Amino acid sequence: MANLTRWTTHFVAFSRLHDLKAPLRQAVILSRDEIISAQVGAEKNKKALEKLTNDAIKKCDLIESTEFWTTLKMIVDDIEPICYGTNINQSDDTRPDQVLLMFAGIYLHFDRHPNRALATKMKKRIEKQWNALDQPMFVFALILNPYRRLDHFGDQAGANVFTLNTLLTQVSCT
């Protein structure tokens with residue numbers, strides 16, 4: 001069951017539901033009437049019988065809906081990097097370079113997102129969180145990591161000896 005404060009719970013629940021897409025759709029296609037009958041059970045009250053029948057039909061229609069499964073897959077894909085980032089940052093031994101890479105990974109995920117409105121909102125939220133951090137310290141932690149160094153910075157980053165020297169001076173003065 002999804003929990004409002006746990007990204008991992010949402011991710012696991014939605015991912016598992018998506019994994020069950022084929023058997024659920026097959027069950028609805030092959031046994032729709034039996035599923036509706038099981039939902040209704042032995043209900044005798046006409047209003048309750050109608051409500052239970054309509055609810056079962058709506059649920060079967062939802063399972064058959066391609067749009068539902070497409071949206072669910074997009075949600076699973078969007079929650080996954082957030083879930084991993086949250087779990088990485090909750091560790092007692094998380095390093096600053098890992099935090100930086102987590103922010104970058106989530107940002108890049110949403111930068112490529114097909115829903116531009118969602119992408120814009122999420123990137124603004126990520127930038128707001130990133131701006132609240134001591135950025136030079138995170139950048140230097142990545143540069144000083146012997147397995148990473150400057151490999152993660154593209155040409156547009158302007159990471160050269162002069163800019164890094166200025167940045168190092170800022171870090172050492174604070």
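This report walks through a helix contact, the aromatic pairs and the salt bridges of a predicted model.

## Ground rules

Residues are numbered from 1 along each chain as its sequence is written, and side-chain values use heavy atoms, with hydrogens and water left out. Since the model is predicted, local features need pLDDT of at least 70 and side-chain atom pairs count only at pLDDT 80 or more, while totals for chains, interfaces and linings use all residues.

## How α1 meets α2

Helix α1 (residues 7–19) packs against helix α2 (residues 21–40) at an angle of about 55°, and their axes are 5 Å apart. That makes the two helices oblique to each other. (Helices are DSSP runs of H or I with at least four residues, numbered from the N terminus; axes are lines fitted to C-alpha atoms over the stretch in contact, with angles from 0 to 180 degrees between N-to-C directions. Under 35 degrees is roughly parallel, over 145 roughly antiparallel, 65 to 115 roughly perpendicular, and the rest oblique.)

On the α1 side, the contact (heavy atoms within 4.5 Å) uses L17, H18 and D19, and on the α2 side K21, P23 and L24.

## Aromatic pairs

There are four aromatic pairs. To pair, rings of Phe, Tyr and Trp (its six-membered ring) need centres within 6.5 Å; planes under 30 degrees apart are stacked, over 60 edge-to-face, and the rest tilted. F11 is buried at 14% relative accessibility, while Y84 is partly exposed at 46%. (Buried is under 20% relative accessible area, exposed over 50%, partly exposed in between, with a 1.4 Å probe and protein chains only.)

F103 and W130 make another tilted pair, 5.8 Å centre to centre with 55° between the planes. Here α5 (residues 96–111) supplies F103 and α6 (residues 116–131) supplies W130, so parts 27 residues apart in sequence are tied together. Ring pairs also link F103, W130 and F138 into a cluster.

## Salt bridges

The model holds six salt bridges, each a side-chain nitrogen of Lys or Arg within 4 Å of a carboxyl oxygen of Asp or Glu. Among them, R32 and E64 meet at 3.0 Å, N to O. R32 is in α2 and E64 in α3 (residues 46–64), so the bridge ties together parts 32 residues apart in sequence.

D97 and R95 also meet at 3.0 Å, N to O; D97 is buried at 3% relative accessible area, whereas R95 is partly exposed at 40%.
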